Amino acid sequence: MSLAKILWVDDEIQNLKPHILFLEKKDYEVTPCTNGADALQMVSEESFDVVLLDENMPGLSGLETLTEIKVLLPNLPVIMITKSEEEYIMEEAIGSKIADYLIKPVNPNQILLSLKKNLDTTRLVSQKTTSNYQQEFRKISMDMAMVNTFQDWIELYKKLIHWEIQLESISDIGMTEILESQKSEANSQFYKFIKKNYEGWFHGYEKPIMSHTLFKEIIAPQIDKKNGTLLVVIDNLRYDQLKVIEPIIFEYFKLVDETTFFSILPTATQYARNAIFSGLMPLDMEKKYPNYWRNDTDEGGKNLYENEFLTEQIKRLNLNINHEYYKITNLYKGKELAANFSKTKENDLTVVVYNFVDMLSHSRTEMEMIKELASDDKAYRSLTLSWFKNSPLLEIIQKAQQMGMKLIITTDHGTINTTKPSKVIGDKNISSNLRYKTGKSLSYNKKEVYEVKNPKDIFLPKLSMSSSFIFAKEDYFFAYPNNFNHYVKFYKNTYQHGGISLEEMIIPCITFEAK
């Protein structure tokens, strides 16, 4: 069985017999053709995998033939072969989306390399990626058994995400399943690590950069007063999602710094994002700014005072900067800011909170169409990339580059695809989040949660004297015993946040400079 069917079009095809024999020995099936008109008829009547096309032919030229082939079969790879090194021919060929461009005289190995590059890339990359991950699998497993610091967990998580993104481009389902198993085991171990160490981070232990220290330690020192800084907080964005949109950002900006930090618990917008803007833990926010802080059971929006929190933090840090804050909650607001973004040029710091990813993850719970589009992490990343390419946010980032601004992109927390229900019982005032609960008289499976009897130990407010917090581990979600099966069916395989997982807690803050 031949590797591929090749149509070779050249008015001097008889001189290429040695090349054809060489390819046939490599199991390629080569059909010779001497002119463009015959080539067009042949590709319309017969299926070929690739066309080798001479540029300089009597009658229809190679470029003219190429144009007609692309009209008939836009996805058929065409490799242009020519004696001419004139630049306009190269540009015409490249503009017509050729697969490769070779200058005569060509030797058989050049042809073979071009064929492999265009026809076998997917197979070769798949084999190499699988082989590399198989070698790395044992090392990751050993690392997981020895990890015992927050920095170790950051490095391990980055490694898992690297391989997850690499493996999604190959067709080996087995390798993907093995990686998923490793991620699951990693989350199980990470839960134990957080349960053991999280409280200590607030009481003198060595601790990572966290939500409430991010602005002071990472963002504030990088604010560019000369050119201005754009801080974008994309709500609910995971590390892997930022990695897939990063190549688009690199078209306009170059990397300056990458920081990975930990979201506070609960890994929910009301807690984590307010902590970023205030520079305080929720308990301190409640004490210091009771007019701004809202508990779970309070009426009204929980993130209505982010700009006020930020203003107070800037004053407290004596930064002496002028800033503006924008929250984008729908397409219209995004387009409006993009259209008027030049007005921000006098700011030292322009803050944009972009809520799209959060809306996407929640609408996925409610809408069957979104469930179909984001059925797993691979699809979720793909959907995020598609959104970003067509969003007003990209236009805002492009305008920031044109204005020479520094760009900082971060998030408040990530999400995890929840699959396992965990039964919980509480009074009528229990909080509604599926990954954490706070209230009094909570009843739950202690093996499936991180329980904090006294919320003040981790700087969280109490709803009442006897209130406690519980956080779901791994990919569990809380469900009430009443109407349990219906509840589980509705929320299983939905993206949620608020609990303890690598995806929710280990998140990026990346700084770029305009190109």
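This is a predicted model: local features need pLDDT of at least 70, side-chain atom pairs count only at pLDDT 80 or more; totals for chains, interfaces and linings use all residues.
At the start of helix α14, a side-chain oxygen of Asn330 comes to within 3.2 Å of the backbone nitrogen of Tyr332.

- Helix α14 spans residues 331-339, and its buried residues include Gly334, Leu337 and Ala338.
- These residues lie on the same side of α14, because they cover an arc of only 100 degrees around the axis.
- An α-helix has 3.6 residues a turn, so residues three or four places apart point the same way.
- Tyr332, Lys335 and Ala339 sit on the other side of α14, where they are exposed.
- The cover over the buried residues of α14 includes β8 (323-328), β9 (349-354) and α18 (392-402).

**How α14 meets α18**
- The axes of these two helices, α14 and α18, come within 8 Å and cross at roughly 15 degrees.
- That angle is under 35 degrees, which means α14 runs roughly parallel to α18.
- The crossing of α14 with α18 is left-handed.
- From α14, Leu331, Gly334, Lys335, Leu337, Ala338 and Ala339 take part in the contact, and they meet Pro392, Glu395, Ile396 and Lys399 of α18.

**Thr418 and its surroundings**
- Thr418 belongs to strand β11, residues 416-418.
- Its relative accessibility is 0%, so Thr418 counts as buried.
- Leaving aside residues up to four places away in sequence, Thr418 touches Arg435, Asp475, Tyr476, Phe477, Tyr491, Lys492, Asn493, Thr494 and Gln496.
- Phe190 is 228 residues from Thr418 in sequence, and the two are 16 Å apart in space, C-alpha to C-alpha.

Terms used. Residues are numbered from 1 along each chain as its sequence is written. Side-chain values use heavy atoms; hydrogens and water are left out. Buried means under 20% relative accessible area, exposed over 50%, partly exposed in between (1.4 Å probe, protein chains only). Helices (H or I, at least four residues) and strands (E, at least two) are DSSP runs, numbered from the N terminus. The arc is that of the directions from the helix axis to the C-beta atoms. Contact means heavy atoms within 4.5 Å. A polar contact is a pair of N or O atoms within 3.5 Å; within protein, one must be able to donate a hydrogen and the other to accept it, and residues adjacent in sequence count only if both atoms are side-chain atoms. Axes are lines fitted to C-alpha atoms, for helices over the stretch in contact, and angles run from 0 to 180 degrees between N-to-C directions. Angles under 35 degrees count as roughly parallel, over 145 as roughly antiparallel, 65 to 115 as roughly perpendicular and the rest as oblique. A crossing is left-handed if the near helix is turned anticlockwise from the far one by less than a right angle, and right-handed if clockwise.
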